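The following exercises concern one protein structure.

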Amino acid sequence: MVEENKDNPKRVEYIDSDLFVPTNEWDKERFVGVYQCVICTGVVLKPVECSTPSCAMLYCEKCINGLREKKCPNRCGSKVFNQPNRHMKSQLNEFKFKCQNQPRCQEIVPYHSYERHFSECKAD
Ligand SMILES: [Zn+2]
Ligand SMILES: [Zn+2]
Ligand SMILES: [Zn+2]
């Protein structure tokens, strides 16, 4: 099988949650409780949201697709996942993360441009 991203090896596959830079305590709680994927423990990438309103957990699309049974791991049993709403997305986009190439790169990058920075980062 041909490797999917062969021409673009600098794609972000994972953002370690430890790279998160909270601007306040509230930020941190919200991030860990909502935007950290419980499957890979990283920051949710291309997030999908569980369709059960009382659950509404976010997961990486890739993590859900990688499950043997595509079912919400939060015991709610849902098999339907939606795009997160705009509010969730914009909150996530504003969260800031240290570059994965730290400490060689000291950049703090918002989620929405993380992939771009990563592919251009000189410290790799
Ligand atoms: Zn994940
Ligand atoms: Zn769920
Ligand atoms: Zn960098």
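## Exercise 1: Overall form

Task: Determine what share of the 124 residues counts as buried, and examine the radius of gyration.

Solution. Step 1: Of the 124 residues of the protein, 18% count as buried, where a residue is buried if 20 or more other C-beta atoms lie within 10 Å of its own, exposed if 12 or fewer, and partly exposed in between, with C-beta atoms placed from the backbone. The model is a predicted one, in which local features need pLDDT of at least 70 and side-chain atom pairs count only at pLDDT 80 or more, while totals for chains, interfaces and linings use all residues. Residues are numbered from 1 along each chain as its sequence is written, and chains are lettered from A and ligands numbered from 1 in the order in which they are written.

Step 1: The radius of gyration, taken over C-alpha atoms, is compared with a globule rule of 2.2 Å times the number of residues to the power 0.38. A compact globule with 124 residues would have a value near 14 Å, so the 15 Å of the protein agrees.

Step 2: The C-alpha trace spans about 45 × 45 × 20 Å along its principal axes.

## Exercise 2: Elements and sheet

Task: State the order of the elements from the N terminus on and describe the open sheet.

Solution. Step 1: The protein has four helices and six strands, which are DSSP runs numbered from the N terminus (helices: H or I, at least four residues; strands: E, at least two). Their order is β-α-β-β-α-β-α-β-β-α.

Step 1: An open sheet is formed by three strands in the order 3-2-4, with antiparallel pairing. Strand 3 (58-60) and strand 4 are its edge strands, as each pairs on one side only. Two strands pair if DSSP finds at least two bridges between them.

Step 2: Strand 2 (residues 47-50) pairs with strand 4 over two bridges in the antiparallel sense. Cys-50 has Phe-81 as its bridge partner in strand 4.

## Exercise 3: Two residues

Task: Is Gln-83 buried or exposed, and which residues does Gln-83 touch?

Solution. Step 1: Gln-83 lies in the loop between strand 4 (81-82) and helix 3 (86-94). Gln-83 counts as exposed because it has 12 C-beta neighbours inside 10 Å.

Step 1: Not counting residues up to four places away in sequence, Gln-83 touches Val-48 and Glu-49; contact requires C-beta atoms, placed from the backbone, within 7 Å. The C-alpha atoms of Gln-83 and Val-48 are separated by 5.0 Å, although these residues are 35 residues apart along the chain.

Task: Where is Val-32 placed?

Solution. Val-32 is in helix 1 (residues 25-35). Val-32 counts as exposed because it has 12 C-beta neighbours inside 10 Å.

Notes:
Two residues are in contact if their C-beta atoms, placed from the backbone, lie within 7 Å.
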